[in-house]
Amino acid sequence: MTTTSDPRPPARRLSTTRRDLLRLRMSLLVTTAFALAGCLTIFLGVARTADAAATRSVPAILAVYDTQHALRSAHAAAVRNLASGGTVLGGPGVEYQRQIAGAGQYLTLVAENNAAGDGGTRDIQTIEALLVTYTGLIGQADARYRDADLRALGAAALRDASSLLDDILALLDTLRQKQSAVLDQQVDAGWTQRFAPLFWLFPLLVLGALLVLAQGYLSRRFRRTVNLALLLATVATVGMLALTSLSLRAGGHLDQVRQDIQAVHDSRQQQLQEVAAEAAGRLADEVRKECPQACATVLAGLDSDSRTVPTETAGDSVDPEADTMARAGRAAGNDWVAFVLPVLALGIVVLVLAGFAPRLAEYGQRAT
C-alpha cells in the first residue's frame, strides 16, 4: 500500500522569545497610555482648580476687603471734614471723594471676578443700590452743615449714613463669605485630595517596573548590558513622575492660600475697627454738641463703638494680600506641564518601539 505525502510545508510556529517580546512591548505601550491619561487628568484638574482660585475667588475676596476699607475710610473722612467745618474745606472733602471712588472700583473688581454665581451678583447689585442711598445721605449732611441752623439735622443725616454703612458692610461680609465658600470648595476638590495621586502614581510605578523588567529580560536573553532606548524611556518616566508631582505642590499652595486669606481677614478687621472707632468718636462728639439731651441712646451706642479696642494680630508679612496673590499665582503657574507630559509619553512610546525593534527583527524568522 502506497502513502501520499502532503505537499504543503509544515506551518511555522511563532518563536517563544518573539512572543514574549511582543507581549512585553504591548504591556509597556498600554501602561504608558494609562500613565499619560492619569497624569493629564489629575494635573489638568488641579491646574483648572488653581487657575479658578487665582483668577477669580482670591481676587474677589481681596477686593471685598478693599471695598470695606475704602468705605470705612470714606465715612471717617466725611465725618471728620464736616464736623471740622465742611463749608470751608469743601463739603465731605477730597479724601471722601477719593475713597468713595476707590470703593466703586473695588466693587467693580468683585463683580468681574465674582465666583459665587447669581447669589453673588444679586448681593453686588444690592450693595451698589445702597451705596447710592449712602452717598445721598452724605450729600444731605453736607447741605445741612452749610446752614448753621440745620447742623443738628446734618448730624442726624450722618448718623443715618453711619447706620446704612453698617448694613452695607454686613452685606459685603456676606458676599465675602460666599466667595470664601467657593474657595473652600476649590481647595477641597477631589483633584487635591490625598487619594488623587494614586491615579497617576500607580501607573507610572507600574511603567517603571515594566521598563526595569524589560531591561533585565533583554540583558539576560541577549547578553547585553544596557538597552539604551529603554534606559532613556525610564528617564522619561521619572520625568513624568517629577512633573506630575507638581500637582501636589499646587494643592499645598492652595491650602496655604486659604490660611493666608484668614491672615488677611485678621489684618483687615483690625484696620476696619480702628477706622470705625475714629468715625464713631467724632460723630459722638458732633451729636453730643448738637443734641445733648434727647440723643442719649444714640450717644451711648456711638461711645461704645468709639471705645472698641482692636485685637492685635501677629503676622510676619507686612503685605498679606500681596503674599496671598503671589501664592495663588504659584499654584496656577505650571500650565506648561500639560504640554510637556504628552511629549514625554510620546518619547517613551518611540523609545520602547526602538528598543524592541532590533530584537524582534532578530527573532522574526525563528521557530521553536
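Which residue forms a salt bridge with Asp166? The views below, taken from a predicted model, begin with this pair.

**View A. The salt bridge of Arg72 and Asp166.** Arg72 is the partner of Asp166, and their closest N and O atoms are 3.1 Å apart. Arg72 belongs to helix 1 and Asp166 to helix 5, so the pair ties together parts that are 94 residues apart in sequence. Arg72 has a relative accessibility of 15% and counts as buried, because the cut-off for buried is under 20%. Asp166, at 33%, is partly exposed. A search of the whole structure finds four salt bridges.

View B. An α-helix has 3.6 residues a turn, so residues three or four places apart point the same way. Asp173 is partly exposed at 24% relative accessibility, whereas Arg176 is buried at 10%.

View C. Glu95 is partly exposed, with a relative accessibility of 32%.

**View D. The packing of helix 1 against helix 11.** Helix 1 (residues 16–83) and helix 11 (residues 337–362) pack at an angle of about 180°, and their axes are 10 Å apart. The two helices are therefore roughly antiparallel to each other. Their contact has 21 nonpolar, one polar and three charged residues.

Conventions:
Residues are numbered from 1 along each chain as its sequence is written. This is a predicted model: local features need pLDDT of at least 70, side-chain atom pairs count only at pLDDT 80 or more; totals for chains, interfaces and linings use all residues. Side-chain values use heavy atoms; hydrogens and water are left out. Axes are lines fitted to C-alpha atoms, for helices over the stretch in contact, and angles run from 0 to 180 degrees between N-to-C directions. Helices (H or I, at least four residues) and strands (E, at least two) are DSSP runs, numbered from the N terminus. Angles under 35 degrees count as roughly parallel, over 145 as roughly antiparallel, 65 to 115 as roughly perpendicular and the rest as oblique. Ala, Val, Leu, Ile, Met, Phe, Trp, Tyr, Cys and Pro count as nonpolar, Asp, Glu, Lys and Arg as charged, and the others, Gly among them, as polar. A salt bridge is a side-chain nitrogen of Lys or Arg within 4 Å of a carboxyl oxygen of Asp or Glu. Buried means under 20% relative accessible area, exposed over 50%, partly exposed in between (1.4 Å probe, protein chains only).
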